[in-house]
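Please lead me through this structure in a few paragraphs, beginning with a single residue and its surroundings, and moving from there to the place where the chains meet and to some features within them.

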Amino acid sequence: MGPTGDAVNVIQIHPTLRCNLRCQHCYSTSGPERTGALEIGALLHFLTGARHEGFNAVGLSGGEPLMYRPLPHLLEAARGLGFVTTVTTNGIPLTQRWIGRLAPHVSLIAISLDGAPESHDRMRGQPGAFQKMRQRLADLRAADIAFGFIFTLTLSNLDELGWAAQFAADEGACLLQIHPLERAGRARDFDLRPPDDLELAYAFLEVVRLKERHPDLTFQLDVADRSLVAREPCRAFAISTPDPAAACALPLAALVSPLVVQEDGYVVPVQHGFSRDFAIGHVDGGDFRTQAARWKRDRYAAFLELARTVWSDIGPAPDHLPFTNWYNAITARSSAGFTPSVSPSSA
Amino acid sequence: MANVTKLKPALRGSSKLFDLEPDDHSALAKALGVAREKYEIKWWWKYGQPAIDRVTASGLTKPGNLGSVLEQVMKLNSRELQVTASCFPYGIPVPDYYRVEVEARRNF
């Protein structure tokens, strides 16, 4: 169930907001001045419980995850528990030494790419950022680590996606993923505009055109197709509230995925910044299976009510606007003006 | 409800790529109809999380259960999911148990 289906159930971890860059579009306002990091022991304890709850993939993000010193240990332990592992990085700190430490434990490395070099450097807030990132790619290829690029789509940069696709193909990437900008954190401070539904429609046309030009590159445009969601509401969690006993009997991953472990230790559904009213638990909150059982019993119904509300909000639209940013819609609704009929905190 | 920002068309990235007039909604809908024959968005991932196209799992089973375990695993095959399984016997000369390794790969 949910936007990534039943087979892959992801936990995205933000172990620190420390970063070597201050990117304009960073939704978590990460940067060199940010200190603090989640304690590795608590994370491993949490992952053990989460594996029992049916989660099978871990994505490390941040901040810059390579600024998190225990990263290799965390990845090794996650792999040992049976998780598929990914790391999302700006690429600059990806030295040969880091690559050697990560290679045995990571399934895929995703590198942020914001367009042609000058656009990339501007968004990254650092002249030369593109060139520094590019210099790391030869070592990745030599280590035979699968890697892809993540392109952040704004209202004004779709014309650079073709350049990014050519670059990704030339560099031997396996994946080019296109994420709509989230208007949160520093993106809000810089007044960056996310693509609206009209721009997402054009983005889809461009992706189809680029797929034909680069058949060996996997493209993934991360938007919800309204007609698919209308046909299969479970992809957006828009289902009837089941009998509580039935929900409690299922592993958490069968009810909600992805999960996000924020830098403050809260485990929230769906996305960074999701309202804490719907938090599943905390990495320092003891046995995660116990916390998950409590969430299923007390808060799952309110989460489903929120999802149904968002589903009906995004549903009707003209034929020329078939796509929308569901993650943004449900995250914004979770904290702004949504009052479930069953209060999450009092249920 | 659709979300469309009112702004000068020239400020859109798409304006540098497409000849379509911004208000020609029927032409855009027609182009999308053709494009959607070629690509369907089946899953969508959260910001900063790369798409994962395969997962693996392994487990142990007794020889008497091997057939039904594999049958259940193979039932997972679908248009969207390719599932393969490998079996490794443990025990000589008669296997005491089998380790079954399953890989599920998605068709993007």
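A:Glu53 touches A:Leu250, A:Pro251, A:Leu252, A:Ala253, A:Phe288, A:Arg289, A:Ala292 and A:Lys296, when residues up to four places away in sequence are left out and contact is taken to mean heavy atoms within 4.5 Å. The residue lies in the loop between helix H1 (40–52) and strand E2 (57–60) of chain A, where helices (H or I, at least four residues) and strands (E, at least two) are DSSP runs, numbered from the N terminus. A:Glu53 counts as buried because its relative accessibility is 4%; buried means under 20% relative accessible area, exposed over 50%, and partly exposed in between (1.4 Å probe, protein chains only).

This is a predicted model, in which local features need pLDDT of at least 70 and side-chain atom pairs count only at pLDDT 80 or more, while totals for chains, interfaces and linings use all residues. Residues are numbered from 1 along each chain as its sequence is written, chains are lettered from A and ligands numbered from 1 in the order in which they are written, and side-chain values use heavy atoms, with hydrogens and water left out.

Where the two chains meet, chain A contributes 80 residues to the contact and chain B contributes 45 residues. Together they bury about 5,400 Å², 62% of it on carbon and sulfur atoms, buried area being the accessible area (1.4 Å probe) that two parts lose on being put together, summed over both. Six salt bridges are counted between chain B and chain A, each being a side-chain nitrogen of Lys or Arg within 4 Å of a carboxyl oxygen of Asp or Glu. In one salt bridge the side chains of B:Arg12 and A:Asp196 meet at 2.6 Å, N to O. On the side of chain B that touches chain A, helix H1 (25–36) and strand E1 (54–61) of chain B each supply at least two residues, and H1(B) gives the most, with seven residues. By class, that side of chain B has 26 nonpolar, eight polar and 11 charged residues, where Ala, Val, Leu, Ile, Met, Phe, Trp, Tyr, Cys and Pro count as nonpolar, Asp, Glu, Lys and Arg as charged, and the others, Gly among them, as polar.

B:Arg12 itself lies in the segment before H1 of chain B, and it is classed as buried because its relative accessible area is 7%. Its contacts, again without residues up to four places away in sequence, include A:Leu155, A:Ser156, A:Leu198 and A:Glu199 in chain A, as well as B:Val4, B:Thr5 and B:Leu7 in chain B.

Within chain A, helix H6 (residues 161–171) has as its buried residues A:Leu161, A:Gly162, A:Ala164, A:Ala165, A:Phe167, A:Ala168 and A:Glu171. These buried residues pack against elements of chain A that include strand E4 (108–113), strand E5 (147–153), strand E6 (175–180) and helix H8 (197–213). After H6(A) comes A:Gly172, whose phi is positive, near 85°. Helix H5 (residues 129–142) of chain A, which holds A:Gln131, is also among the elements that the buried residues of H6(A) pack against. A:Gln131 is partly exposed, because its relative accessible area is 42%.

As for cysteines, a search of the whole structure finds zero disulfides over all chains, a disulfide being a pair of cysteine sulfur atoms within 2.5 Å. A:Cys234 is partly exposed, with a relative accessible area of 33%, and B:Cys87 is partly exposed, with a relative accessible area of 30%.
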